[in-house]
Amino acid sequence: SVEFGYDKLLRQFVAFQSGVPSAHFERGTANAEQFGQFMQASIWVGERPFHILAKQPITMHKIARRTRVLTRRDEKLDIVIVDFIQGLAINRDPLNANWGIYEKMEYWTNALVSLAAECNVAMVVMAQANRRSQGRMPDMGDIEGGDYLAQRADVVTAMYRPKSEKGIIELGVHKNRVSGEVTTVTVNQEY
């Protein structure tokens, strides 16, 4: 993750697994039952092989190196999640020093697709939508420089959280090469 550190990501994941909003633990308002749920989820998460790369700057080189090392150790690596693609750093190379967002997105997308194929892992790549999408479900055109990413992706989804409806998240599937189904799903949960 280029946005959150290791501890924050782990807390959020444990909160999700426990079904208890992380705010209860951050504010110290969790009751005994919630604390128990959180502890059970912590144990469950602790038994899973998580590898979080959160040390800045995060480059494609670091992601590729970590992914290759884990797959060569005969560890079962099923999925790599990149949060978020526009926040990745470009390796310090004079040839790409003047790249704009479109060149960077093409570079990152090609590198991630190649890495997924090489290591036989699913690749989930998050992208930040531009501000024009505020107040509505983002679509593929709302990802700055995302044309190439949307073109290469098998599935493109968007997430929207209406400000007026606390705990509601809408997930929109805009492209789906896997099943062809394009839909919107509403999830009622708060983490």
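1. Contact means that heavy atoms lie within 4.5 Å. With its neighbours within four places in sequence left aside, T157 is in contact with G172, V173 and H174. T157 sits in strand β3. Helices (H or I, at least four residues) and strands (E, at least two) are DSSP runs, numbered from the N terminus.

2. A word on the source. This is a predicted model, where local features need pLDDT of at least 70 and side-chain atom pairs count only at pLDDT 80 or more, while totals for chains, interfaces and linings use all residues. Residues are numbered from 1 along each chain as its sequence is written, and side-chain values use heavy atoms, with hydrogens and water left out.

3. Now the overall layout. The protein chain has six helices and five strands. From the N terminus on, the elements run α-α-α-α-β-α-β-α-β-β-β. The C-alpha trace spans about 55 × 40 × 35 Å along its principal axes. Take contacts between residues at least 6 apart in sequence: 50% of them join residues at least 24 apart.

4. Next, the surface. Buried means under 20% relative accessible area, exposed means over 50%, and partly exposed lies in between (1.4 Å probe, protein chains only). Of the 191 residues of the protein chain, 32% count as buried. The accessible surface comes to about 12300 Å², and 51% of that belongs to carbon and sulfur atoms. Accessible areas come from the Shrake-Rupley method with a 1.4 Å probe; for residues, only the protein chains shown count as cover.

5. Which residues have the most contacts inside the largest nonpolar core? They are I63, I85, L88 and W108, in a core of 19 residues. Helix α4, strand β1 (79-83) and helix α5 (101-119) each supply at least two residues of this core. Helix α5 gives the largest share, five residues. Another core, of seven residues, lies apart from it, with V14, V20, F25 and F38 among them. A nonpolar core is a set of buried Ala, Val, Leu, Ile, Met, Phe, Trp, Tyr and Cys residues joined through side-chain atoms within 4.5 Å. In soluble globular proteins, nonpolar side chains tend to be buried together.

6. Look at I85 in more detail. Not counting residues up to four places away in sequence, I85 touches M105, W108, T109, L112, V125, M126, A127 and L149.

7. Is T67 buried or exposed? T67 counts as buried because its relative accessible area is 4%. T67 belongs to helix α4 (residues 60-72). A polar atom of its side chain lies 2.8 Å from the backbone oxygen of I63. That is a polar contact (a pair of N or O atoms within 3.5 Å; within protein, one must be able to donate a hydrogen and the other to accept it, and residues adjacent in sequence count only if both atoms are side-chain atoms). Beyond residues up to four places away in sequence, T67 touches L77, V80, L115 and C119.

8. Q86 lies in the loop between β1 and α5. Q86 counts as buried, at 18% relative accessibility. A polar atom of the Q86 side chain lies 2.9 Å from the backbone oxygen of Q128. Leaving out residues up to four places away in sequence, Q86 touches I101, M105, W108, A127, Q128, I143 and E144.

9. Now the sheet. Three strands form an open sheet in the order β3-β4-β5, with antiparallel pairing. The edge strands, β3 (155-160) and β5 (184-188), each pair on one side only. The twist averages 25° from one strand to the next. Six bridges join β3 to strand β4 (residues 168-176). Y160 has E170, in β4, as its bridge partner. Two strands pair if DSSP finds at least two bridges between them. Strands of a sheet pair through backbone hydrogen bonds, either parallel or antiparallel.

10. Back to T157. T157 is exposed, because its relative accessible area is 54%. T157 and E144 are 13 residues apart in sequence and 15 Å apart in space, C-alpha to C-alpha.

11. Two loop residues remain. N120 is found in the loop between α5 and β2 (122-126). N120 is not a glycine, yet its phi is positive, at about 55°. Most residues other than glycine have a negative phi. N120 is exposed, with a relative accessible area of 67%. R48 lies in the loop between α3 (32-46) and α4. R48 counts as partly exposed, at 31% relative accessibility. R48 and V185 are 137 residues apart in sequence and 28 Å apart in space, C-alpha to C-alpha.

Methods:
Axes fitted to C-alpha atoms, helices over the stretch in contact; angles between N-to-C directions.
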